[in-house]
Amino acid sequence: MSSSNTTEPTRIPILGTDNIVVDHGIWLNWVTKDLFDNVKSSTYVLVTDTNLYDTYVPPFKHAFYGAADTTARPRLLTLAIPPGEISKSRQSKAHIEDWMLSQQCTRDTVIIALGGGVIGDMLGYVAATFMRGIRFVQVPTTLLAMVDSSIGGKTAIDTPMGKNLVGAFWQPSRIYIDLAFLETLPSREFINGMAEVIKTAAIWDENEFTALEANAPSIVAAVNQPTGPGRLSPIRDILKRIVLGSARVKAEVVSSDEREGGLRNLLNFGHSIGHAYEALLTPQLLHGEAVAIGMVKEAELARYLGVLRPSAVARLAKCISSYGLPTSLGDKRVIKLTAGKRCPVDILLQKMAVDKKNDGRKKKIVLLSAIGKTHEPRATTVKDAAIKVMLSASTLVTPGVPTKLATTVTPPGSKSISNRALILAALGEGTCRIKNLLHSDDVEFMLTAITRLGGASYAWEDAGEVLVLTGKGGQLRASSDPLYLGNAGTASRFLTTVVALCSPADVSSTVLTGNARMQVRPIGPLVDALRSNGVSIDYLGPGKSLPLRIDAAGGFAGGVIELAATVSSQYVSSILMAAPYAKEPVTLRLVGGKPISQPYIDMTLAMMKTFGVQAERSSSDPNTYHIPKGTYKNPAEYTIESDASSATYPLAIAAITGTTCTVPNIGSSSLQGDARFAIDVLQPMGCTVQQTATSTTVTGPAPGGLLGLPHVDMEPMTDAFLTASVLAAVAAGTTKISGIANQRVKECNRIAAMREQLGKFGIATDEFDDGIIVTGQPLDTLKTPDAGVFCYDDHRVAMSFSVLSTVANAPVTILERECTGKTWPGWWDTLSQSFGLRLNGDDKHPGAEGHHQQDHTTRSVFIVGMRGAGKTTTGRWMAKLLKRPFIDLDEELERRSGMTIPEMIHGTKGWEGFRRDELQLLHDVMENQATGHVFSCGGGILSRVLNGFLTPVSHPALPFKAAPGQLSAAEIRRALFLLGNIDAQSFYLFGKPISKSRSPALHNSLFDLTGLPHKYGLVETDQADEVAAVGASVTIPLKLDVMPLLDEVSESAKVIGAVNTIIPIPLDGSQKRRLLGDNTDWRGMVHCLESIGVASESTAGTTTASALVIGSGGTTRAAIFALKSYGYHPIYMLARNEQSLETIRASFPADFDLRALRGPAEASTLAVAPTVVISTIPADKPMDPSLRETLEVVLRSPVSEQRTRVLLEMAYQPRHTAAMRLAEDAGWRTIPGAEVLAAQGWHQFQMWTDITPRFIDAQAAVNGDVLPTSTDQP
């Protein structure tokens, strides 16, 4: 803040005057002079919040009085108010006004509003009304305020009905934007402001938006550095550009429309929906974070209404997420911050109804027509029904495609081709302009991953329609951060081999991970093939799936590679595409049977050839490929075909409704096997099909006229079987579909999923090893699913059942509508715009009513029994009667592991490995084969896990287990988690500084030892509003600030005046939780005193026993409460600041008998010498001499009877403190601070889990000692 300016700051005109001043370092070196020259007054009133006051006000006072004329020096009055949105209220405004009146402020007073949006908005409103209007200046200290709220004269306070509903337009006399303030702005607050920067570019200037896209890595990297001088130096010029750019746009708009008659509405892009989210989720969600989600939703609304292209929505979302801002309520950070709090759509619409832009009851929303351009030069009136569709978790599809409809639909680019093109272009040399790239979640994961591996750089052209990607010829480096791939199976499999090409960087390996479903999808055959070729890969989870750690060894050996390709052709394509960069030419042999989905392998070979590498299929060896060494040469331009799998859905709607649909860019010359769907499936079912090399047109028979297919082998187009299944449901006769075994291990077990959801429509189905059988029935007999169609977060399930819904007998709810974003983000828009279907939003969320309410007649049957009970015989008999597949889980386990159960038990796996694999298998089949099967399984583990009464468990105290395979309580909890009966929870420590805290080691160790799936992490913050609604530990400086945010505070925490533990308590019959604040510091102290043999004085039957507390901070109060609960009185207090001691004494009830100890002389005359001393002062600095002298007197004072004398040290660094040495020299016993830390955390753990672990394990975790394994725990 003290750096001097050698040039004049940049000025921006607004409303005809140059009142916006922007530069680095003007607060102390320029503002005062400008005030005295241009905003003259006899009294300046500087108001800021308590977070900023100490840092910025004293030096400004010095500069102010140093620059003022000594003969007519003006007054500078200063006031600090509490930080945060809570201060933006009627009460705070009245408090400031009353204070100003008491200071005899008059109409010539100038208010200086120093702070973020809260300070600026409220002080502006004070200025607008005080003495009927006085001058004020804005000094924004946050990025959000600099680019938005400080400019334009909007002033307001909040009310219970919403934000900014009471206020005035009142222009500031000056706006001083000092970019140096941003050096100390916390990273989350900085990124919060970037939402407004992105908003401004999105509505006004595509060039600025492009610059924001390009500069995102540099900005984020700088902002994430520790706060302080020089932090933002690497982006100094970029920072000034984005602030000036946004400020100029807002100034221009305000100058044209000061009172928000129309054009100024545009600045509220993202705010109509964003403010509604903010109203429900504040203070956990910041304004910019809510606006970021609002921008995406309002862009999706524009797309739904047909005024914005899907690629623009994807581009906007990509830019927002590149700055670490959320794009949906499903964002992991939003869920963590808000504890997954729901935002009911009806409540959101109510909040939106009081938006100031509205025209009466008509809602007005800013709609984009392109990046940098809006649909109208004002907000557009939008019907509630359309808004509800975009905000709802589910979509209600009303049947009724217009008769004789003839429509043309162009599906998005192929996911398969898009992902391959990104891999090949990134590995290639040169620049490639990729057209029609699919803008979807999967492709975004892939693009982000190859960028983070350093494999390519890219930019967007033609309003985001063209990706210009420059490859680096295979020069990849390991990523220090895990590459998260969501549920993107294609990306995970392709990248597994590509990552093996990386060279070491800051790290020597890369981790690939994904969501929960991705972590059970198999990848074993690919890993086995790469391991056999010298690649070091570790599974980081229990199964042969993600997450993986892949060593960076600069490529694999090459030569002959054998690969089992009967599960997924993506394994084959993965090795094929990376093979030219192996150290030797590759011969790839596919073993184990006929490869699955050969057309996709052919697609990969054809695309490799286009990118300059010719792989040859062996003419002599079946299923063998020869790939030479080489480097891909990127073509100047590559156009992605539309997705043929996605094309099946609009064509199927034509087929099922008797209408006509043309897909203009999928034909017989397509690279994709699914392009055959119209010829091989729809035509035999009775449709008229016209297919050229580049287009396909389908006309369906009259509704109800489809024919079943006695047998169709869909192995060349397995993803399309879901589309065929819903058509078969209303076709005459029975359809048998084979060749789709791989569909059991996609985003879900798709065969089971289709059977379960078709059953809700009353459709009879069956299945066999590699297929499904569907018996069709007349349209008028279709049932309507009461709970809606559950989609398993699978895009193809959702789109398939939307096809069936077009001919249902009543509207059908499709749950999880947003899962279609994986391959067709605008699918619901297409149903509305191209097929004329009426859609409604349904705020139904998938839950127990979705996945687990399958028809009891289709649920899989599990026969459980001990060895020799006849379960296998019974199972086979039952399966035969029910015409279902039978699986003996013992046999299945042996098949999957490649060894017998005795070999597992007596081999390297042992009993523990056998039990782990057995549980994983049970979990897998319960999740993915929940319908249509009969299973037999041993009763040992299953009965012990699920039995809630007299469960036979082992215990570490036993010399041996009662029987082989006996389970401990920890193992049972771990199994219950795998079965879904225990939910994983996240716990956090909030405070600052906390980087050296031992709490994560303590709690994560105890979670592991007791078999719980929970995790404990750190959130370093000094802002109470960032404390999430979860189980948590709280430390300085938030122990007091967090209390108003809780639902209830324990009596002990109220007396102590501080909370260090937040306990979430579930409410009956609800997912909501009540937050209870407690304090375990005092419990930890009592536990330590008890453990060393100090008897409670309240039960010891003795006379008076006194104690001493050293210090005057928050922990001192907990120590006083602990000693009072233990029966000590009087309790003496010793500290440097006697006033602080008096404040503490006055805050406790009189029966605590607190007495200040003033010096060694008074200590030597105590009637009853203390026998317990608790030190709460920091121990990393020398002790104050006067404290030391007084403490020595206390420690050496004689006691009247034999007692254990103990000094309890609360500081745990260093482990042996000066106070402890003094006590030990005087013959006292001492307890180190680490013991108290372990004890209070041990009590926290019990409050969160209702489990009492061994205290010695808590001690060991804090001390960093070796801990026992979880199987040893009760």
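Pro-1037 lies in the loop that runs between β44 (1032–1034) and β45 (1048–1049); helices (H or I, at least four residues) and strands (E, at least two) are DSSP runs, numbered from the N terminus. The model is predicted, and local features need pLDDT of at least 70, side-chain atom pairs count only at pLDDT 80 or more, while totals for chains, interfaces and linings use all residues. Residues are numbered from 1 along each chain as its sequence is written, and side-chain values use heavy atoms, with hydrogens and water left out.

**Backbone geometry**

- Most residues other than glycine have a negative phi, and most peptide bonds are trans.
- The peptide bond leading from Ile-1036 into Pro-1037 is cis, with omega near 5°.
- A cis peptide bond also joins Thr-282 to Pro-283, with omega near 5°; Pro-283 sits in the loop between α9 (271–281) and α10 (287–304).
- Leu-15, in the loop between β1 (10–14) and β2 (17–23), has a positive phi, near 55°.
- Leu-15 counts as partly exposed because its relative accessibility is 35%; buried means under 20% relative accessible area, exposed over 50%, and partly exposed in between (1.4 Å probe, protein chains only).
- Arg-132 has a positive phi as well, near 65°, and belongs to the loop between α4 (117–129) and β6 (135–140).
- With a relative accessibility of 77%, Arg-132 counts as exposed.

**Two buried loop residues**

- Ala-565 is located in the loop between β23 (559–564) and α19 (569–578), and it counts as buried because its relative accessibility is 1%.
- Not counting residues up to four places away in sequence, Ala-565 touches Val-572, Leu-590, Val-591, Pro-595 and Ile-596; contact means heavy atoms within 4.5 Å.
- Ala-565 and Thr-688 are 123 residues apart along the chain, and their C-alpha atoms are separated by 36 Å.
- Asp-331 occupies the loop between α11 (310–322) and α12 (332–338), and its 14% relative accessibility means that Asp-331 counts as buried.
- The side chains of Asp-331 and Arg-333 make a polar contact at 2.6 Å. Such a contact is a pair of N or O atoms within 3.5 Å; within protein, one must be able to donate a hydrogen and the other to accept it, and residues adjacent in sequence count only if both atoms are side-chain atoms.

**Annotated region**

- An unreviewed UniProt entry lists residues 193–358 as "domain: 3-dehydroquinate synthase C-terminal"; UniProt positions are in the numbering used here, feature names are shortened, and annotations may be inferred rather than shown by experiment.
- Residues 193–358 are 65% helix and 0% strand, with the end C-alpha atoms 25 Å apart.

**Nonpolar cores**

- The largest nonpolar core has 189 residues, and those with the most contacts inside it are Trp-27, Phe-190, Leu-316 and Met-714. Such a core is a set of buried Ala, Val, Leu, Ile, Met, Phe, Trp, Tyr and Cys residues joined through side-chain atoms within 4.5 Å.
- A second, separate core of 79 residues includes Leu-437, Met-518, Val-535 and Ile-537.
- Leaving aside neighbours within four places in sequence, the residues in contact with Leu-316 include Ile-198, Phe-209, Met-295 and Ile-371.

**Cysteines**

- The structure holds 0 disulfides, a disulfide being a pair of cysteine sulfur atoms within 2.5 Å.
- The cysteine sulfur closest to that of Cys-661 belongs to Cys-687 and is 11 Å away, too far for a bond.
- Cys-661 is buried, with a relative accessible area of 0%, and Cys-937 counts as buried at 6% relative accessibility.
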